[in-house]
Each structure stands twice: as structure tokens, then as C-alpha cells.
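Colleague: I've just opened this one and would like a quick tour before I set anything up. Could you walk me through the fold?

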Amino acid sequence: MTSDVDAATRDARTRDRVLAVISERGPITAAGIAAHLRLTATGVRRHLDQLADEGSVTSRAPQLGKRGRGRPAREWIVGDTGHEHLGTDYDGLATDAMRFLRTQAGDAAVRSFADERMAELEERVSVGVAAAGDDPQDRTRALVDALRAEGYAASARPVGEDSTVGVQLCQGHCPIQHVAAEFPELCEAETDAFSRLLGVHVQRLATLAQGDHVCTTFVPTPGARPHTERSTR
């Protein structure tokens, strides 16, 4: 079992290296990749087949003027999934920018930026939330739908029998998780925006930025007893 796991790990690392070479040097043939990584062409083709199956790479016929005798070797380039896998240093850039803002203009400037960022989201989703009526639970469900449309992994969970206590708004993915770990103003601005959108004072119980596995915001039912549970994780 251990040897199988080790082999799978080595294969995954080799595929990452193959993808990186294609990103840096593509369009490139399997033979070119093999020569660069000092691997066998047969082994590289096996990894290329798996990368192609998952959409990380795609092949194409060589451009005119590059063909030699015989059947031309196909060239490989990065596919859509591969671009997502390779990722970027946006987190590092965003964190550096926030640090610069704090150093140059102070904490108030950081919070002002966070509020401005959330104001844009608030404006985009406010019409749909308002159309749900005045009930905070209905508005929460509408907000969940709006957040999903924005690309958030959002859901709503009842607290108490038939949501008598309230609802937990959960977000299973945060695009700024690593930045927010250093700049909690981003989470605070989001919580305040949720309060305005839902028309009640909400309570942030857990965040991905603090190491929890989900962001959880408690939305109380008007007139219900105060909620003290941290989350329903």
C-alpha cells in the first residue's frame, strides 16, 4: 500500500513538472519535454495522456515551416484546466499591496478599502435580496443564491427547530482566504455588508481565514433567544 502511494505521489509530481515545461516552453513536442526533463518519451506520453484527459494540456499539429520528413510530431500547449492548476501569485501580490496600504495610509485606509470592495458586491446582489421581502430567513436564502451566482460556495442551514432560532449562512470557499488571515478587516467588512443586506445584526461565528473549514455567519430570527453556539461544523 505504501509503495503504491509513493508511486502515485511521484507520478503526480512528474505530471506537474511536465505541465510546467509546457507552460514555459510550449508549444513543445513529447520528445522535447522528455529531453528537457531527462525522461523517456514513452513515460512522458503516459503523463501527457492523463493531463489531456483532465483538460490540463491539449495537442495540435505543428505550425507550417516546422515539419520535417515523415509524420510530424504533435505539439503540446496548456489547456484551460492547466492554467487553473498552475495558478498565480495573486495572493502574494494582494498581501503585499495591503501591507503597503497599511504602512503608507494606516489601518483606517485598509478598512476603507475593505468597505469599498464589499460595497461593489452589495450593490450587485441588493436587488435580488430586496425582492425576497422583509423576512431575514427569506433574504438569507436569496443572498445565498446571489453569492452562488457570484462564484461563492454558499449555503444556508437552520438553527433550532424549523429555524426558530435563526439561520447559519455558510461559505465553503473564500477567494481571499490567505489575505484575510492577515487583514481581518476584509471579513469584518463582509459581515457588516451582510447585516445591511439582511436587515438584522448578524454574528460571524467562524472563518476560513482563522483556520476553520467554513465561514459561518449566524442570522437570527427576530425575537428569538441569543445564539451562543459557534457553528454547526
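Modeller: Happy to; helices (H or I, at least four residues) and strands (E, at least two) are DSSP runs, numbered from the N terminus. This is a predicted model, where local features need pLDDT of at least 70 and side-chain atom pairs count only at pLDDT 80 or more, while totals for chains, interfaces and linings use all residues. Residues are numbered from 1 along each chain as its sequence is written, and side-chain values use heavy atoms, with hydrogens and water left out.

Colleague: How many helices and strands are there in the chain?

Modeller: The chain has 233 residues, and 38% of them count as buried. Buried means under 20% relative accessible area, exposed over 50%, and partly exposed in between (1.4 Å probe, protein chains only). As for the count in the chain, it is nine helices and seven strands.

Colleague: What share of the contacts with a separation of 6 or more comes from residues 24 or more positions apart?

Modeller: A contact here means heavy atoms within 4.5 Å. Among contacts in the chain with a separation of 6 or more, the share from residues 24 or more positions apart is 54%.

Colleague: In what order do the strands of the four-stranded sheet run?

Modeller: Two strands pair if DSSP finds at least two bridges between them. The four strands form an open sheet with antiparallel pairing, in the order E4-E5-E7-E6. Its edge strands, each pairing on one side only, are E4 (154-159) and E6 (203-206).

Colleague: How many bridges join E5 to E7?

Modeller: E5 covers residues 166-171 and E7 covers 215-220. Gln171 stands opposite Cys215 in E7, and Gln171 is also the bridge partner of Ala154. The pairing of E5 with E7 is antiparallel, and the number of bridges is six.

Colleague: Is E5 largely enclosed or open?

Modeller: In a regular strand the side chains alternate between the two faces of the sheet. On one side of E5, Gly166, Gln168 and Cys170 are buried, and on the other Val167, Leu169 and Gln171 are too. Because six of the six residues of E5 are buried, the strand is largely enclosed.

Colleague: At what angle does H7 run to E4?

Modeller: Axes are lines fitted to C-alpha atoms, for helices over the stretch in contact, and angles run from 0 to 180 degrees between N-to-C directions. H7 (residues 136-149) lies across E4, E5 and E7. H9 (residues 185-198) packs on the sheet as well, touching E5, E6 and E7. For H7 against E4, the angle is about 160 degrees.

Colleague: Which elements do the buried residues of H7 pack against?

Modeller: An α-helix has 3.6 residues a turn, so residues three or four places apart point the same way. The buried residues of H7 include Arg139, Leu143, Ala146 and Leu147. They pack against helix H6 (107-130), E4, E5, H9 and E7.

Colleague: Which backbone nitrogen does a side-chain oxygen of Asp135 reach at the start of H7?

Modeller: A polar contact is a pair of N or O atoms within 3.5 Å; within protein, one must be able to donate a hydrogen and the other to accept it, and residues adjacent in sequence count only if both atoms are side-chain atoms. At the start of H7, the oxygen of Asp135 comes to within 3.0 Å of the backbone nitrogen of Gln137.

Colleague: Is Tyr152 buried or exposed?

Modeller: Tyr152 is in the loop between H7 and E4. Not counting residues up to four places away in sequence, Tyr152 touches Arg117, Leu121, Leu147, Gln171, His173, Pro175 and Glu190. With a relative accessible area of 14%, Tyr152 is buried.

Colleague: What is the phi of Arg38 near?

Modeller: Most residues other than glycine have a negative phi, and most peptide bonds are trans. Arg38 sits in the loop between H2 (30-37) and H3 (41-53) and is exposed, with a relative accessible area of 78%. Its phi is positive, near 60 degrees.

Colleague: Which residue of E3 is the bridge partner of Arg60?

Modeller: The three-stranded sheet is open and antiparallel, with the order E1-E3-E2. E2 and E3 (residues 75-78) pair over four bridges. In E3, the partner of Arg60 is Glu75.
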